[in-house]
Amino acid sequence: MTSVVVARSTLHHLNRCWFPALITSAKQSIRPCVLPQYARSSCSVRVRSFAAHRAMGKPKVVFVLGPPGSGKGTQCEKIVQEFGYTHLSAGDLLREERNREGSEYGALIEDNIKNGRIVPVEITCALLENAMNKTIQATGNDRFLIDGFPRNEDNLQGWTNKMADKVEQQFVLFFECSEQQCTERCLKRGESSGRSDDNAESLKKRFNTYINDTVAIIKHYEELQLVKKIDASAGPDAVFEHVKAIFGEQK
Ligand SMILES: Nc1ncnc2c1ncn2[C@@H]1O[C@H](COP(=O)(O)OP(=O)(O)O)[C@@H](O)[C@H]1O
Ligand SMILES: Nc1ccn([C@@H]2O[C@H](COP(=O)(O)OP(=O)(O)O)[C@@H](O)[C@H]2O)c(=O)n1
């Protein structure tokens, strides 16, 4: 029964704060419209909410930011291996939702991705929160690398309003790398990634968004002295030596 209560409160939260359209029946099952594959559930599935988890301490969060192609995903995989965090890529969650058959947000997400714009936070934050809840419930792991988020003022506000009190913000990992180097990496990645935005035209737009929107978010966290900046211009292993030193300092 606890699981039903918890799930209902999660649904209530989603209903009230994010997606009124999510609640579709008296049985309160979640229509799988914004949830990533592993977060889709009905109220019969046990999903431990942050409230329930709080007794064990708040989940720890590291935001991972940097320009497109700076190596965020590559370094996150290494951190997972070495330090046991769970990696949640906002971009991956959005692409997964875009690809899900029947998603009512697929076209909107794709339009934003192709044009290097940032998807409304209601969608991204709901995907992140559900992925976090599901991970905690399934694995007990409550340390998260949130990669590619928050990327603009809308992301920051949405997270602050709905999530900031529920987590312990450890720090923000910022990978610094030149536009030229990042563009070369993304174009190379585009030869095999199948991504609709790893092309010269989309990359220009993605960089404009990074400069116009994301840099201000990094500055905001710098003012809070939360940013750990890393030169990401060297090879992946050399960059990871610096990353290791930062994570090694953590309790
Ligand atoms: N330090 C690095 N040096 C050279 N290439 C890298 C480095 N880190 C990642 N790459 C490559 O660059 C591309 C972008 O890396 P990725 O980790 O996906 O970046 P991001 O997540 O920031 O977009 C990938 O093809 C990856 O293999
Ligand atoms: N918080 C986020 C993260 C990504 N995205 C979208 O997803 C795209 C790809 O993001 P990503 O993090 O996977 O890739 P990179 O641009 O970092 O290489 C972005 O250009 C945005 O269109 C978003 O809208 N909001």
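Where does Gly148 lie? Please also describe what surrounds this residue.

Reply: Gly148 lies in the loop between strand β3 (143–147) and helix α7. The model is predicted, and therefore local features are described only at pLDDT of at least 70 and side-chain atom pairs only at pLDDT 80 or more, while totals for chains, interfaces and linings use all residues. Residues are numbered from 1 along each chain as its sequence is written, and chains are lettered from A and ligands numbered from 1 in the order in which they are written. Helices (H or I, at least four residues) and strands (E, at least two) are DSSP runs, numbered from the N terminus.

Gly148 is buried, because 24 other C-beta atoms lie within 10 Å of its own. The term buried requires 20 or more such atoms, exposed means 12 or fewer, and partly exposed covers the values in between, with C-beta atoms placed from the backbone. Leaving aside neighbours within four places in sequence, Gly148 is in contact (C-beta atoms, placed from the backbone, within 7 Å) with Lys72, Ser89, Ala90 and Gly91. The C-alpha atoms of Gly148 and Thr214 are separated by 9.6 Å, although these residues stand 66 places apart along the chain.

Ligand 2 is surrounded by 20 residues (a residue counts if its C-beta atom, placed from the backbone, lies within 6 Å), and the closest are Pro68, Ala90, Gly91, Val119 and Gly148. By class, the shell around ligand 2 holds seven nonpolar, eight polar and five charged residues. Here Ala, Val, Leu, Ile, Met, Phe, Trp, Tyr, Cys and Pro count as nonpolar, Asp, Glu, Lys and Arg as charged, and the others, Gly among them, as polar.

In an unreviewed entry, UniProt lists Gly148 under "binding site", together with Arg95, Arg117, Ile118, Val119, Phe149, Pro150, Arg151, Arg195 and Arg206. Such positions follow the numbering used here, feature names are shortened, and annotations may be inferred rather than shown by experiment.

Two residues of that list may be examined in turn. Arg117 is placed in the loop between α5 and α6, and Ile118 lies in the loop between α5 and α6 as well. Arg117 is partly exposed, because 16 other C-beta atoms lie within 10 Å, whereas Ile118 counts as buried because it has 21 C-beta neighbours inside 10 Å. Beyond four places in sequence, Arg117 is in contact with Asn112 and Thr209. Under that sequence limit, Ile118 is in contact with Asn112, Arg151, Asn152, Asp154, Asn155, Thr209 and Asp213.

Asn155 lies in α7 (residues 153–162) and is buried, because 24 other C-beta atoms lie within 10 Å. Not counting residues up to four places away in sequence, Asn155 touches Ile118, Val121, Thr124, Phe149 and Pro150. UniProt, again in an unreviewed entry, lists Asn155 for "binding site".

Within α7, the buried residues are Asn155, Leu156, Gly158 and Trp159. Seen down the axis of α7, these residues fall within an arc of 165 degrees, so they line one face of the helix; the arc is that of the directions from the helix axis to the C-beta atoms. Helices α6 (121–139) and α9 (200–223) are among the parts that cover these buried residues. Thr160 and Asn161, on the other side of α7, are exposed.

Definitions and conventions
Two residues are in contact if their C-beta atoms, placed from the backbone, lie within 7 Å.
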